[in-house]
Amino acid sequence: MNRKAVMLSGIKPTNFLTLGNSIGAIKSWLNLFETYDPIFMVVDLHSLTVPQDPEKLREATYRSLAVYVAAGLDPKRCLLFVQSQVPEHAQLSWIMNCMATMGELNRMTQFKDKSERAGSHIPAGLFTYPVLMAADILLYQANWVPVGADQKQHIELTRDLAIRMNNRFTPQEGPEAGATPKKPLFTIPEPYIPPVGARIMDLQEPTNKMGKSDSSENGAVYLFDSDKDIERKLKRAVTDSGTEIAFSDDKPGIQNLLTIQAALTGKKPQDLVAAYAGKQYGHLKVDTAEIVVQAIRPVRDEAERLLKDRGELDRILAEGARRASERAAPTLRRVYDALGFALPRA
Ligand code: AQP
């Protein structure tokens with residue numbers, strides 16, 4: 001049987017999800033169902049690299065799950081789960097911690113950036129989270145991982161660790177034991193760069209990414225914002241002192257609004273620019289607000305409906321955890337066995 005390649009992705013529930021998460025991640029994930037075997041996670045363990053309020057973390061996790069489902073990530077057609085519910089992630093992560101070197105982790109530019117922002121108390125998890133990410137990916141023998149430029153280095157590390165372990169350790173058991181050549185411990189994953197990697201910028205500081213925890217209240221559109229809030233935020237979006245609507249790097253605010261429109265309508269930014277010839281920034285803002293409201297409203301309304309019935313979300317959570325563990329456990333067992341941990345033979 002020809003098995004589909006495994007594509008794995010996740011979002012940290014560090015806050016409620018933004019328009020950036022929707023356009024840059026969830027929306028593009030919807031195109032993966034036909035071609036890939038898709039795995040989508042709410043990566044709550046990763047959230048802890050910055051301090052979290054427990055109640056807010058729990059709420060953000062449920063809301064992320066609700067948004068995933070409301071946006072079309074049907075749990076019957078993909079593997080959908082919350083990372084902390086699948087203990088194999090933390091288990092393999094420890095092993096990866098012992099395989100990665102300080103030098104390798106020190107080279108991660110994300111650590112340099114994020115640790116500068118963490119002040120004097122830098123959690124060790126900020127240094128080691130790339131190995132948790134490697135475990136997330138390798139547990140499911142993922143072939144592809146959609147990433148932005150900032151995460152590409154982590155996929156490289158994952159590949160290096162996987163190759164190192166494949167070379168150093170020989171699988172001891174499993175259906176393939178004895179076959180030549182034996183199936184290696186891990187599939188070597190590839191970074192998948194989405195074709196139109198729209199990067200949505202902060203509405204108040206359009207040279208920075210719209211982030212769910214870094215942006216100011218008016219800088220990010222959250223997927224649970226009301227129509228009124230969305231309109232207000234887009235109308236207040238920072239532009240520049242000029243008047244011409246152009247898709248150009250020296251007009252980051254205008255470029256961002258055009259990028260948002262292009263991502264949500266499927267139109268080309270150049271065509272949008274042509275349609276705005278002779279019009280003012282105000283027109284662009286009003287139109288963008290309307291397009292964003294229309295895109296977010298159905299997802300938000302359905303997510304809110306789901307959140308009223310936590311029982312249904314809990315069933316999705318439990319079923320996702322069961323299925324994920326079922327897929328992850330054989331990988332972990334082979335790793336344990338190859339490393340020399342004593343395993344009772346069934
Ligand atoms: N502004 C964005 N534009 C396009 N894509 C974005 N993504 C996030 N922000 C934008 C995509 O969402 C996915 C998951 O993100 P994450 O939460 O795991 O990490 P992140 O990129 O650090 O997201 P945030 O929102 O900036 O989180 P915080 O503020 O908590 O650090 C990724 O696919 C990412 O590309």
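**Aromatic pairs and the ligand shell**

Trp-29, Phe-33, Phe-40 and Tyr-68 make up one aromatic cluster in this predicted model. In total, the structure contains nine aromatic pairs. One of them joins Tyr-36 and Tyr-192: the ring centres are 6.2 Å apart and the planes stand at 70°, so the pair is edge-to-face, given that angles over 60 degrees count as such. This pair links distant parts of the chain, with Tyr-36 in strand E2 (residues 36–42) and Tyr-192 in strand E5 (residues 190–192), 156 residues apart. Tyr-36 has a relative accessibility of 15% and therefore counts as buried.

Tyr-192 also pairs edge-to-face with Trp-144, at 6.2 Å centre to centre and 75° between the planes. Because Trp-144 belongs to strand E4 (residues 144–146) and Tyr-192 to strand E5, the pair ties together parts that are 48 residues apart in sequence. Trp-144, at 28% relative accessibility, counts as partly exposed.

Lys-56 lies over the face of Phe-16, 5.6 Å from the ring centre, and the charged end of Arg-310 sits over the ring of Tyr-62 at 4.9 Å from its centre.

The ligand is surrounded by 17 residues, the closest being Thr-14, Ile-200, Lys-209, Lys-212 and Ser-213. By class, the shell holds five nonpolar, seven polar and five charged residues. An N or O atom in the Lys-209 side chain is 2.8 Å from a ligand oxygen atom, and a polar side-chain atom of Asn-21 lies 3.1 Å from an oxygen atom of the ligand. A polar backbone atom of Met-210 is 2.9 Å from a ligand nitrogen atom. Of the 630 Å² of accessible area that the ligand has on its own, the protein covers 84%. Strand E1 (5–11) and helix H1 (19–29) are the elements that give two or more residues to the shell; H1 gives the most, with four residues.

Technical notes. Residues are numbered from 1 along each chain as its sequence is written. This is a predicted model: local features need pLDDT of at least 70, side-chain atom pairs count only at pLDDT 80 or more; totals for chains, interfaces and linings use all residues. Side-chain values use heavy atoms; hydrogens and water are left out. A residue is near a molecule or strand if one of its heavy atoms lies within 4 Å of it. A polar contact is a pair of N or O atoms within 3.5 Å; within protein, one must be able to donate a hydrogen and the other to accept it, and residues adjacent in sequence count only if both atoms are side-chain atoms. Accessible areas come from the Shrake-Rupley method with a 1.4 Å probe; for residues, only the protein chains shown count as cover. Ala, Val, Leu, Ile, Met, Phe, Trp, Tyr, Cys and Pro count as nonpolar, Asp, Glu, Lys and Arg as charged, and the others, Gly among them, as polar. Rings of Phe, Tyr and Trp (its six-membered ring) pair if their centres lie within 6.5 Å; planes under 30 degrees apart count as stacked, over 60 as edge-to-face and the rest as tilted. Buried means under 20% relative accessible area, exposed over 50%, partly exposed in between (1.4 Å probe, protein chains only). A charge sits over a ring if NZ of Lys or CZ of Arg is within 6 Å of the ring centre and within 35 degrees of the ring normal.
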